[in-house]
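I opened the model today and kept notes as I went. The entries follow the order in which I looked things up.

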Amino acid sequence: MKSSSMNPKYASIDHPAPARSIYFEGARLIDPRSGIDQAAGLLIRDGLISVNPQQIPEGTDRFDLRGHWITPGWFDLHVHLREPGREVAETIVSGCHAAMAGGFTGVACMPNTDPPLDNAGLVGWVRDQAKGLPIDVHVIAAATRERKGKELVDMSELVEAGVRAFTDDGSPIRSSAVLRHAMEYANMLGARIFEHAEDSELVQGGAMNESEWSTSLGLPGMPAIGETIDVVRCILISEYTGAAIHLCHVSTKESVHWIREAKRRGIRVTAEVCPHHLLLNDSACKEFDTNFKMNPPLRAEADRLACIEGFRDGTLDVYCTDHAPHPWESKAQEFDVAPFGVVGLETAMGIALTHFVPTMMDLNTLLERVVYAPRAILAQPVPSLVSGAPANLTLIDPDATMTVDPATFRSRSRNTAFAGWPLKGKAMGVVNRGLAYIA
Amino acid sequence: MSLLSHKHMLGLRDYSEQDITIILDTAERMREILDRPVKKVPTLRGVTVVNLFFESSTRTRTSFELAEKRLSADTLNFSASGSAVEKGETLLDTARNIEAMRIDVVVMRHKSPGSPHFLARHLDSIIVNAGDGRHEHPTQALLDMLTLREKFGTLKGLRVCLVGDILHSRVAMSNIVGLKTMGANVVLCGPATLIPRGIERFGVEITHSLDDAIQHCDALNILRIQLERQQSGLFPSLREYQKYFGLTRERLDKAPNPLTVLHPGPINRGVEITSDVADGEHSVILRQVTNGVAVRMAVLYLLAGGRAEPESK
Ligand SMILES: [Zn+2]
């Protein structure tokens with residue numbers, strides 16, 4: 001971007017500048033829920049938006065954004081920030097830096113830290129870490145005490161502290177009775193349960209999808225029904241109790257089928273999908289590269305195609321990354337020993353703009369999956385680009401090209417499945433919470 | 001330098017019919033060396049081989065060690081028990097230490113599938129897979145093929161049945177891909193719980209009846225059955241396994257043609273195979289052991305030697 005060198009104060013990822021008075025000129029503003037898609041000037045003053053302002057105050061920092069897009073801030077509904085406990089892999093701050101670099105203004109972080117985020121004190125502490133950054137860190141608290149799957153956490157207190165969702169992600173809630181009660185109780189409080197859908201015994205010891213590939217590689221397999229069985233269990237409990245359920249990182253054809261069917265029947269189910277499950281299948285494991293080891297695992301081609309279809313038609317409501325940082329030494333191990341997971345914050349937008357928009361879906365649909373739906377699921381206010389709204393937005397250069405180079409990641413970890421991929425479309429900055437970062 | 005189209009022997013999946021034929025032909029010449037009074041040639045003099053066994057396997061290690069000695073390589077043994085691995089050293093660190101010692105060939109046994117591929121990515125040395133988990137055990141399959149070729153003259157059109165725990169067997173996968181490459185037909189026979197998912201994509205036939213397999217096959221390769229599989233619920237009892245999948249004299253006698261019986265060892269006598277069969281006239285189990293040394297000599301020679309003829313005086 002031409003003007004960035006003139007305003008270096010905005011380019012610091014460690015110390016985003018206060019967004020006192022900024023003018024973006026000539027960008028395409030895209031905010032489908034407000035019915036906006038137009039080239040316009042956008043002034044941010046004291047954190048509030050004004051579109052095509054009458055006048056631009058003295059001392060305003062100006063950016064020429066012709067050829068760029070401005071959308072409401074992107075939100076990643078499923079990330080692991082690892083802190084407290086595994087700061088070698090990621091911290092809340094480094095994870096927020098990765099989010100900023102990737103064009104997100106908000107993330108929802110999972111509670112499978114050490115100790116797990118199962119009380120209001122810890123939840124508040126996590127949020128505090130991101131105070132000086134333009135990232136809303138929304139904490140999804142553990143559903144059960146210490147994530148042990150037995151007793152419910154103090155849900156009311158946590159909801160008072162701002163929590164809107166609970167999960168034992170990393171693991172499912174094994175007991176159907178506990179799951180039922182967690183869903184009912186959360187529902188009473190206007191919150192919902194996120195389920196990492198898995199039958200732990202069916203997938204136990206598995207390292208990749210169970211298929212001719214796992215057989216050929218001699219790796220213990222995780223069958224697709226290991227996920228789908230739990231998806232169906234969640235749907236049945238949701239129907240029985242009337243409580244909402246959100247299904248994390250859906251990866252199988254049958255899961256998509258049952259979720260679509262449940263939605264058709266009016267059951268309160270939402271679901272998310274990750275870029276790696278949309279773009280890769282289990283043959284990627286053939287060289288035993290642990291950057292293709294994740295949970296749920298990369299599935300068969302038919303599963304991948306079904307996920308794409310579900311992503312297009314809205315069966316899968318949300319596009320999220322399941323950003324799961326691991327230090328290189330953990331991943332540089334034997335395939336069956338290495339931990340599951342890949343990072344995603346810094347590649348998600350490029351992946352989406354290169355591979356999904358506009359060939360598979362239009363930009364408005366993508367924004368539905370990455371701006372509006374994730375916040376609706378968490379009962380958060382949805383940002384918009386109308387005059388008077390607080391500035392919560394993402395700047396995009398749709399023509400910028402890059403090759404994914406893990407060495408340049410802001411995340412503390414480099415375990416990406418997309419190293420070396422050429423991508424077109426890149427985040428150029430974010431503005432949120434009265435702060436701006438503009439690369 | 002390698003006479004094969006591969007630098008390593010990680011598995012048979014990528015080996016062509018030509019490569020496998022070269023190995024088997026070379027192994028036949030190596031076997032002649034083993035029958036000589038002085039069983040040693042200088043072919044790999046100056047080549048250092050480390051036998052890196054993270055999992056104990058006396059017979060495979062001994063076979064490799066003997067093959068190395070017959071070829072005059074310098075041999076080093078590394079076994080995981082009592083080593084740095086027990087103190088938590090990673091495979092990568094172990095690899096780097098090997099590299100620093102300037103080893104030429106690493107013969108490796110490890111419980112993790114793909115671990116030889118992992119080392120091959122991080123080292124310059126030649127890697128020979130001596131068994132990686134349930135993935136592959138290429139030299140075992142090669143010695144099985146050598147033994148069958150010796151008996152039948154060719155592998156083309158042969159019907160070979162692998163019997164037992166296909167799911168957990170590294171021998172099975174290497175045999176399937178190797179035999180298919182060489183034009184043999186492969187039949188798998190075992191309880192449904194021990195047949196891995198998607199295996200039919202490899203062009204094999206599957207049966208759950210050993211009696212049926214015996215009617216239609218030329219050779220049976222009986223795999224070892226492990227007691228812990230019963231404990232993890234994969235079959236009801238050893239007694240039941242023995243009754244339906246154990247190879248007995250009565251079963252064998254119902255074959256229309258005499259069958260050749262192989263077993264990779266060690267044998268659970270009276271479980272997957274009875275002693276009268278294991279020691280009987282159809283058994284080539286001891287011949288497999290001899291051929292094992294010859295095959296390993298051939299593989300090491302073809303990968304690490306290749307300059308001098310094995311016959312050099
Ligand atoms: Zn999960």
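In which loop of chain A does Pro84(A) lie? I found Pro84(A) in the loop between β7 (74-79) and α1 (92-102) of chain A; helices (H or I, at least four residues) and strands (E, at least two) are DSSP runs, numbered from the N terminus.

Conventions, before going further. I am working on a predicted model, where local features need pLDDT of at least 70, side-chain atom pairs count only at pLDDT 80 or more, and totals for chains, interfaces and linings use all residues. Residues are numbered from 1 along each chain as its sequence is written, chains are lettered from A and ligands numbered from 1 in the order in which they are written, and side-chain values use heavy atoms, with hydrogens and water left out.

Entry: backbone of chain A.
I looked up the peptide bond from Glu83(A) to Pro84(A) and noted it as cis, with omega near 5°. The bond from Asp114(A) to Pro115(A) is also listed as cis, omega again near 5°. I placed Pro115(A) in the loop between β8 (104-109) and α2 (120-129) of chain A. For reference, most peptide bonds are trans, and most residues other than glycine have a negative phi.

I then turned to phi. Glu146(A), not a glycine, has a positive phi near 55°. Glu146(A) sits in the loop between β9 (136-139) and α3 (155-160) of chain A. I noted Glu146(A) as partly exposed at 47% relative accessibility; buried means under 20% relative accessible area, exposed over 50%, and partly exposed in between (1.4 Å probe, protein chains only). His249(A) has a positive phi too, about 25°, and is not a glycine either.

I checked burial for both: Asp169(A) is buried at 1% relative accessible area, and His249(A) is buried at 2%.

Entry: chain A overall.
I counted 13 helices and 19 strands in chain A. The C-alpha atoms of chain A fill a box of roughly 65 × 50 × 40 Å along the principal axes. Of the 439 residues, 63% count as buried. Among contacts (heavy atoms within 4.5 Å) between residues at least 6 apart in sequence, 76% join residues at least 24 apart in chain A.

Entry: chain B overall.
For chain B I noted 12 helices and 9 strands. Its radius of gyration is 19 Å, close to the 20 Å from the globule rule for 313 residues, so chain B is as compact as a globular protein of that length. The C-alpha box of chain B is roughly 55 × 45 × 35 Å along the principal axes. I read 57% of the 313 residues as buried. Of the contacts in chain B between residues at least 6 apart in sequence, 73% join residues at least 24 apart.

Entry: Leu194(B).
Is Leu194(B) buried or exposed? I have it as buried, with a relative accessible area of 0%. Leu194(B) is in the loop between β6 (185-189) and β7 (205-207) of chain B. Not counting residues up to four places away in sequence, Leu194(B) touches several residues, including Ile166(B), His168(B), Ile225(B), Leu234(B) and Phe235(B). I also took the C-alpha separation of Leu194(B) and Leu234(B), which is 7.0 Å at 40 residues apart along the chain.

Note on methods:
Rg over C-alpha atoms; globule rule 2.2 N^0.38 Å.
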